[in-house]
Amino acid sequence: MSRFQKSRIGNTELAIDALGFGCASLGNLYHAVSDEDATDILTTAWSNGFRYFDTAPHYGQGLSERRVGDALRSSSRKDYILSTKVGRLLRPAGYATERHGFLSPMPFDIEYDYSYDGVMRSFEDSLQRLGLDRIDILFMHDVGRVTHGDDNDLLFPIAMDGGYRAMNELRQSGRVSAIGLGVNEYEVCEQALKCGDWDCFLLAGRYTLLEQQALDTFLPKCVERNCSIIIGGAYNSGILATGVSGMGPWNYDYGPAPDDVVRKVAAIESHCAEFGIPLAAAALQFPLAHPAVASVIPGIGNVRRIDQTLDLFATEIPDDFWGALLKHELIRGDAPTPLSTDSTSE
Ligand SMILES: NC(=O)c1ccc[n+]([C@@H]2O[C@H](COP(=O)([O-])OP(=O)(O)OC[C@H]3O[C@@H](n4cnc5c(N)ncnc54)[C@H](OP(=O)(O)O)[C@@H]3O)[C@@H](O)[C@H]2O)c1
């Protein structure tokens, strides 16, 4: 698949590239990125054709949005698609401290607010931080049990009532083109499908080479409803890029990888070695085979990764590799797999 292959988002007019850029890294996720390096990364990404960027107020408490906005504001850069998120308001804290893996963030505390007013405020605040006059896709960020535990029982109804109403109004008035949820769990998306008309979901870490439970009911519902999926965390926070043959510790879902995950990655990696393909190439290309998936947005935190990522995306992966993973039950039997160019040209 070409990285420029465009997919429509739901029933909207918006079309995004198969390969986008996840900008959590530019909020200093896992390691600090200097302002100069952030500019260099975004400039290099742009000159290499990246046009879809995903950011959020959460990423470095505003730092990622500021950097992405600064880069996109350049007069020649118009034809981009930008997503950001609502649900967290930033309140002045008077100090900056590491939170949720984001190093040296802006000096703000986070207040969750999924209400109508909270969503509207969050949207306007993002425009100010970005210094831009448009946001294309707006995601409700991290509503669900993974972030809120039992508090989600209180927050979810608020989000699906006032929060959804605000997002829907922004869409109807044309201030955003598409709305969805941006989360690390598919169950909350499935619940949300019962409550509103969503165009897309940014699903992070839950449809990857390592796990495909979303195939049971959620992804089929997305196909049926024509609701697009954007894949975040395609490397499950890193382990599917680094593999486990080198020195650990290996990052899985924002923390050290448990033993069963390390064993499964090692098994997948041995088939990658057999076929001479990088594990990261398989991880990047696999989710896009599902008909609901429009784009995959790896986290890129240094400039060398841009060329690497393009090479990984372009790596030819033989059908027999996917066959081997299926045969050894390393991916689910009902998981669609990418077709090699050979089979597509027949
Ligand atoms: N709730 C949500 O809405 C949500 C949640 C998670 C993610 N997302 C979105 O999805 C994007 C991607 O997710 P993510 O950044 O959490 O995780 P990810 O893409 O699974 O992994 C990123 C990690 O992989 C490393 N990496 C990338 N390419 C590599 C390569 N070629 N070789 C070795 N290591 C490599 C990066 O290292 P370097 O930093 O050194 O490049 C980084 O540590 C985010 O930026 C965000 O836009 C959204």
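The largest cavity of this predicted model is lined by Leu42, Trp46, Phe53, Val68, Ala71, Leu72 and Arg77. A cavity here is a set of points, on a 1 Å grid over the protein atoms alone, where a 1.4 Å probe fits but cannot get out, and lining residues have an atom within 4 Å of a point. Rolling a probe the size of a water molecule over the atoms shows where empty space is left. The volume of the largest cavity is about 30 Å³, a volume being the space filled by probe spheres set on the points, with grid points joined across faces, edges and corners. The count of cavities of 30 Å³ or more comes to 1.

Helix H1 (35-47) and helix H2 (63-72) each supply at least two residues of this lining, and H2 gives the most, with 3 residues. Helices (H or I, at least four residues) and strands (E, at least two) are DSSP runs, numbered from the N terminus. By class, the lining has 6 nonpolar, no polar and 1 charged residues; Ala, Val, Leu, Ile, Met, Phe, Trp, Tyr, Cys and Pro count as nonpolar, Asp, Glu, Lys and Arg as charged, and the others, Gly among them, as polar.

Residues are numbered from 1 along each chain as its sequence is written, and side-chain values use heavy atoms, with hydrogens and water left out. In this predicted model, local features need pLDDT of at least 70 and side-chain atom pairs count only at pLDDT 80 or more, whereas totals for chains, interfaces and linings use all residues.

The ligand is the next topic. Of the 33 residues around the ligand, His31, Asp54, Gly299, Gly301 and Arg305 come nearest; a residue is near a molecule if one of its heavy atoms lies within 4 Å of it. The shell has 15 nonpolar, 14 polar and 4 charged residues. Strand S9 (178-183), strand S10 (200-204) and helix H11 (304-314) each supply at least two residues of the shell, and the largest share, 3 residues, comes from H11.

A polar side-chain atom of arginine 305 lies 2.7 Å from an oxygen atom of the ligand. Polar backbone atoms are 3.0 Å from a ligand oxygen at alanine 24 and 3.3 Å from a ligand oxygen at glycine 22. The protein covers 92% of the 900 Å² of accessible area that the ligand has on its own, as computed by the Shrake-Rupley method with a 1.4 Å probe.

Turning to the strands, 8 of them form an open sheet with parallel pairing, in the order S3-S4-S5-S8-S9-S10-S11-S14. Its edge strands, S3 (21-22) and S14 (293-296), each pair on one side only. Two strands pair if DSSP finds at least two bridges between them. Strand S5 (residues 81-86) and strand S8 (residues 137-141) run parallel and are joined by 4 bridges; lysine 85 has phenylalanine 139 in S8 as its bridge partner.

Two loops deserve a look. Most residues other than glycine have a negative phi, and most peptide bonds are trans. Asparagine 28, in the loop between S3 and H1, has a positive phi of about 70° although it is not a glycine. The peptide bond from glycine 248 to proline 249 is cis, with omega near 0°, and proline 249 lies in the loop between helix H8 (239-242) and strand S12 (251-252).

Key:
On a 1 Å grid over the protein atoms alone, a cavity is a set of points where a 1.4 Å probe fits but cannot get out, and a pocket is an open set with protein on both sides within 12 Å along at least five of seven lines; lining residues have an atom within 4 Å of a point. A polar contact is a pair of N or O atoms within 3.5 Å; within protein, one must be able to donate a hydrogen and the other to accept it, and residues adjacent in sequence count only if both atoms are side-chain atoms.
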